[in-house]
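Try each task before you read its solution.

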Amino acid sequence: MPNSLLLLLLVLRAVAGDAAADSADPCAGRRIHIRDLPPRFNTHLLRHCDAAFPLADPSSSATSAPTCESLANHGLGPRTHARSRSWYRTDARLLEPFFHRRLLERRCLVADPGLADAVFLPYYAALDSIPYVLEPSLLNSSALHGASLAQFLARDRPQILARRHGHDHFMVLGGSAWDHSQPPRAEPRLLGTTSLFRLPEFENFTFLALESRSWPWQEHAIPHPTSFHPASLPRLEAWLARARRSRRTTLMLFAGGVSRPSRPNIRGSILAECANRTDACVVVDCSAGKCSHDPVRYMRPMLGAKFCLEPPGDTPTRRSTFDAILAGCVPVFFEDAAARRQYGWHLPPGRYDEFSVHIQKETVVLGGVKIAETLAAVPEAEVRRMRERALEMAPRVLYRRHGSTAELREAGKDAVDLAVDGALRRIRRRARALEEGQPERIYAQEDDSVDA
């Protein structure tokens, strides 16, 4: 064999071997370094729950719980009752420590940030913001939220941040992006908001928030936590089976605040119609936080309803959307910003018509469209099909318990898995754009629900 041909054969074998090695490496493109932050940015924020922020479950004085009980089970909260193994009184603000705990269980974690494809910052941002958003005396200081973290990252091993200018960094926010996007120099300051997302040091980070803005190049929405956190496949399957066989005698349900708005809006129209159609509509009063830590209050009625109404409130998204999906109660949306434009990594936008109903809110508020009549016209076979599709989506939007069984982990990805996968996809696209000298692609509104 000629030497040139032999050399070519060896090269081809080497290339094939490298490709095979890459394909056999389950961590290729998925290596994450969890940044070691001083405890003042995370765990120390939990020490002062009795004084710094109110995490106690709202209840009467006769049944009041310990102030910090929501911290139990790594942020899932206490079990709903002694025999429960899957249901917890979960406070959404504690998504950050829970997400951190789950990330520590992942494969493909690396101690050397130089080998990482992404860097996770375990900063409990929403918890750190609470003094700024609740204490009026700190109103004029709310632009400082996150500034001490930026200073730390700039001086502690700054090469980690400089390697990709922060484009490979991501963190979780247990709240809405809107609440942390006030311009730093805004005057007067708005109570209840900070400027975390507007800090120039963080402008290249990817934030995983419970609600994103209209131009989410900087963040992506992830599901609101429900109270259901199974640790094994049989417990998940048992719940889904219960939801499938549940007898549904109510046409539609609304769970939320029941105070009538001062101006016409979709919530007011829903409450008015439900008051007139008690034969078709059930209202679960969740005013004053009544439902925040009591899933029995709303999950049982949802199991008996065919449709769950999901109007926007102070912000477009609602935790109730994910409770409804979990209950097999077909969600009814009144604007795309409520979910379709938010949760593309978890609920594919092209499939919403398979598991939900959309009624434009203006047609109800101004056009005289009756929600009950619209929903009653949906054929029963179609309702059953949508319910089944919703229950198929349920595992994608729930947060399974930390330490769950290998059988459950292998059965499919949950909200944490899909959020991390989405962040890795976004970071890979940005890294590729930097390497190819096309930085403008970083800010393009591209669909990153799948790899390019």
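**Exercise 1. Find which residues touch the most other members of the largest nonpolar core, and which elements supply it.**

Step 1. The largest nonpolar core has 39 residues, and W239, M299, M302, L326 and L347 touch the most other members. A nonpolar core here is a set of buried Ala, Val, Leu, Ile, Met, Phe, Trp, Tyr and Cys residues joined through side-chain atoms within 4.5 Å; buried means under 20% relative accessible area with a 1.4 Å probe, protein chains only.

Step 2. At least two residues of this core come from each of α7 (233–245), β6, α9 (295–303), β8, α10 (320–327), α11 (352–355) and α14. Helices (H or I, at least four residues) and strands (E, at least two) are DSSP runs, numbered from the N terminus.

Step 3. Another core, of 24 residues, lies apart from it, and includes I32, L103, Y399 and A423.

A word on the source: this is a predicted model, in which local features need pLDDT of at least 70 and side-chain atom pairs count only at pLDDT 80 or more, while totals for chains, interfaces and linings use all residues. Residues are numbered from 1 along each chain as its sequence is written, and side-chain values use heavy atoms, with hydrogens and water left out.

**Exercise 2. List the contacts of M302, leaving aside its neighbours within four places in sequence.**

Step 1. Contact means heavy atoms within 4.5 Å.

Step 2. M302 then meets R248, L253, A255, C308, S320, D323, A324, A327 and C329.

**Exercise 3. Work out the strand order of the open sheet and which strands stand at its edges.**

Step 1. Two strands pair if DSSP finds at least two bridges between them. The 5 strands follow the order β7-β6-β8-β9-β10, with parallel pairing.

Step 2. β7 (281–285) and β10 (357–358) are at the edges with a single partner strand each, so one side of each has no neighbour in the sheet.

Step 3. Follow L253: its bridge partner is C308 in β8 and V282 in β7. C308 in turn has P331 as its bridge partner in β9.

**Exercise 4. Is β6 buried or exposed?**

Step 1. Count residues: 7 of the 7 in β6 are buried, so this strand is largely enclosed by the rest of the structure.

Step 2. Compare with the protein chain, where buried residues make up 52% of the 452 residues.

Terms used
Buried < 20%, exposed > 50% of the residue type's maximum accessible area, 1.4 Å probe, protein only.
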